[in-house]
Amino acid sequence: MKPPSQESTQAGKKPVLELKDISKAFGQMNAVERVSLEVWPGEFVSLLGPSGCGKTTTLRMIAGFIAPTEGRIILGGNDITNVPAYRRDVGLLFQSYALFPHMTVRGNVGFGPKMRGEKSGAVAEKVRWALSLVKLEGFEDRRPNELSGGQQQRVAIARVLASGASMLLLDEAFSNLDAKLRGRMQEEVRELQLRLGIATVLVTHDQEEALAMSDRIVIMNGGKVEQIGTPKQVYSSPESLFVADFMGRCNRIEGQLTHDGAKGWFLDCGPAGMIRFEAPPHPEARPGEHCRVFMRPEHLTLSQRTGDHGQGLRGEVERLVYLGSRSVAYVILDGGIPFQVHLPNTPGSKDEFPINGVVAVVPQPGAVTLLPD
Ligand SMILES: Nc1ncnc2c1ncn2[C@@H]1O[C@H](COP(=O)(O)OP(=O)(O)OP(=O)(O)O)[C@@H](O)[C@H]1O
Ligand SMILES: [Mg+2]
């Protein structure tokens, strides 16, 4: 199941969750400001941003642990803004999965329905169902300390499922696992989430995690939403400098647009030279206009030819770092701007760029993206 671009899901479907302009102030400090978001059935949405940008506060408002100062929260079509946490059917998983250590897997998974006073037969049936979904049948009598980290996480998810939650909320759920296990758990949870079709909101400050797992990413900064889009949209078409920088290494340069009837559009970057555009950089482009652009390191190539007009930007290789699948060339452009270029290491590739050698940095077609002001 692949939910979505927003347009395709809107046809005939209702969002599972709607945040309508929610804000949260702690005293004078606005932790979250007018955040709006719709989460569609089966969708995996990540809230991504630097520390302190309001991700956890937003998630806690969805879960009902804190009340918004302003705005509405709609779950399954019902306004739950004033419904207490224990009566919302959203399942929140924190960084530590907070399984009850003294209880068995059975006790942990059955906790929700049991507390709601369901009969023991019904509780047992829910436990069996939830454990089969996370493929942990046969683990009923183990305690959390007899399980691997990944298994504990699956028990925690089973507990959410058994409690009847219509959404899964994850706060930095993978951040205290070692790198290998983290990658495996991300894959497992995503696979499980797709199989169950349960709408999920993940809070993370890890770009790669958000890119790898999400249908859409909400980039937050200082309590506000900077951009919402698919992983590809936020990575390749950032709508602000903040998003461009936050989503990955980006080389930035500015200059003056020029247009030459025969050769097309260029950005004159002064001492570093010219960047040629395949097409007008934007619909209202005017010669003489000042522009800021960015380029991802993996969208650039290096050549030993020093560029004249249209052949890229001139610079000197300051450092080359070998990273296995690729090398990173640190280039100082003429005029002093630092650039990074990723060079894929193929079986035949040679070390062809000597330190202090003069090079041209040439953007691949479509690599140059205009930065908004
Ligand atoms: N109960 C509280 N009282 C006062 N201020 C708070 C409270 N909870 C959070 N804040 C503040 O609100 C802001 C947002 O906090 P939040 O926990 O949402 O950040 P975050 O994006 O989850 O960050 P991190 O990635 O570090 O977990 C921070 O400046 C934080 O200090
Ligand atoms: Mg947090």
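Two strands pair if DSSP finds at least two bridges between them. Strands here are DSSP runs of E, at least two residues long, and helices are runs of H or I, at least four, both numbered from the N terminus.

Before the details, some bookkeeping. This is a predicted model, where local features need pLDDT of at least 70, side-chain atom pairs count only at pLDDT 80 or more, and totals for chains, interfaces and linings use all residues. Residues are numbered from 1 along each chain as its sequence is written, and chains are lettered from A and ligands numbered from 1 in the order in which they are written.

I will start with strand β16, residues 312–322. Its pairing with β19, residues 358–363, is antiparallel and has 4 bridges; there, L313 stands opposite V361. With β17, residues 326–333, β16 also pairs in the antiparallel sense, over 7 bridges, and L320 has A329 as its bridge partner. The hairpin of β16 and β17 has 3 residues between the strands, and G324 takes a positive phi near 85 degrees. Strand β13, residues 273–276, is joined to β16 by 2 antiparallel bridges, with M274 partnered by G312.

Next, the open sheet. Which order do its 4 strands take? They run β2-β1-β4-β5, with antiparallel pairing. β2 and β5 stand at the edges with a single partner strand each, so one side of each has no neighbour in the sheet. Between β1, residues 17–26, and β2 there are 7 bridges, and L19 stands opposite L37 of β2.
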